[in-house]
Amino acid sequence: MVLPFRFAVNMLEQSATGNEWRARCARAEELGYDLILVADHLGMPAPFPSLVAAAQATTRTRVGTFVLNSGFWNPALLAREVATTAALTDGRLELGLGTGYMPSEHEQAGIPFLPPRERVDHLTRTVEELKDEPSGVPLLIGGNGNRVLRLAARHADVMAFSGGRFDGDTPTVLTAEELAARVEAYAGFEKEAGREVPAERNLLIQRVVVTDDRAAAAADFLPHVPYLTQEQVLDLPILAAGTVREIADRLLGLRERLGISYFTVLDHSMEEFGPVIAELRGA
């Protein structure tokens, strides 16, 4: 089943004032983004008040978390935040959840960083408690591990695939083949769960470079991934490099091959990616 494209911008930079934040959100809507998202990292905007302000500055754009670190949240208190934010945004909220992955942030916050199994256990409890709430907020679950994929196959409206993995605070990107393997595994878990309607599939694009010289864009990215060849870099799903038409064709290919129809970009790429949205609108 081919789903229509949706595009989101993940706002990471802290705005100096409320007016500046609202102006950025209004600009995202003007560029055609379907969602304005906020992460859950220390030193970045607090998610829920930011989303309420984003909804007030826009008329149609949905808002969401991408993604909440469930280890920071008590499930019952989170349910209260979600219900209130859903009401204040007139039903435009979408909730994204993950296990959390940065030990340094937990240390800074004074919250224990649990082993992987316990982090997934806590995410599972959080999802199960929230699914009992009557707010009806769509649920996105982000991650790559098999237990998270199985959880998403049972409960998520959106499965957000990560284009990388973390060893402590150190990131490593997934190659195109590795991401395809994760998508294939997830499809198997959906089949096991007996889902009649598959979840929407999301991918975060880490870098957007609109250029006539894709090789130069790959060369600029190579220092960040010295373990990859230039050919592998050009094939990375998290890198969208080329002309607007080339990037659009690449996203069409990812939708056709992997069923990924919902793409998120980071706020530093918001303007550059806008023409790609216009190129694909209605595709």
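I began with helix H6, whose buried residues pack against H5, strand E6 (139-143), strand E7 (158-161) and helix H7 (176-193). Packing here is contact, meaning heavy atoms within 4.5 Å. Helices (H or I, at least four residues) and strands (E, at least two) are DSSP runs, numbered from the N terminus. H6 covers residues 146-155, and its buried residues are Val 148, Leu 149, Leu 151, Ala 152 and Ala 153. I took buried as under 20% relative accessible area, with a 1.4 Å probe and protein chains only.

I noted the ground rules. The model is predicted: local features need pLDDT of at least 70, side-chain atom pairs count only at pLDDT 80 or more, and totals for chains, interfaces and linings use all residues. Residues are numbered from 1 along each chain as its sequence is written, and side-chain values use heavy atoms, with hydrogens and water left out.

Next I looked up strand E13, residues 260-266. Seven of its seven residues are buried, so E13 is largely enclosed by the rest of the structure. Which strands pair with it? Strand E1 (residues 6-11) runs parallel to E13, joined by five bridges. There, Ala 8 stands opposite Thr 264. Strand E10 (residues 200-205) also runs parallel to E13, again with five bridges. Leu 203 stands opposite Phe 263. Pairing requires that DSSP finds at least two bridges between two strands.

Then I turned to the cores. A nonpolar core is a set of buried Ala, Val, Leu, Ile, Met, Phe, Trp, Tyr and Cys residues joined through side-chain atoms within 4.5 Å. The largest has 65 residues, and Tyr 33, Leu 251 and Phe 273 touch the most other members. Helix H10 (residues 244-258) gives this core its largest share, six residues. Apart from it lies another core of twelve residues, including Phe 221 and Leu 228.

I checked Tyr 33 by itself. Leaving out residues up to four places away in sequence, Tyr 33 touches, among others, Phe 7, Ala 8, Val 9, Val 265 and Phe 273.

A pocket is an open set of points on a 1 Å grid over the protein atoms alone, where a 1.4 Å probe fits, with protein on both sides within 12 Å along at least five of seven lines; lining residues have an atom within 4 Å of a point. H3 gives the most to the lining, with three residues. Among the lining residues are Ala 79, Lys 131, Glu 133 and Asp 157.

Conventions. Buried means under 20% relative accessible area, exposed over 50%, partly exposed in between (1.4 Å probe, protein chains only).
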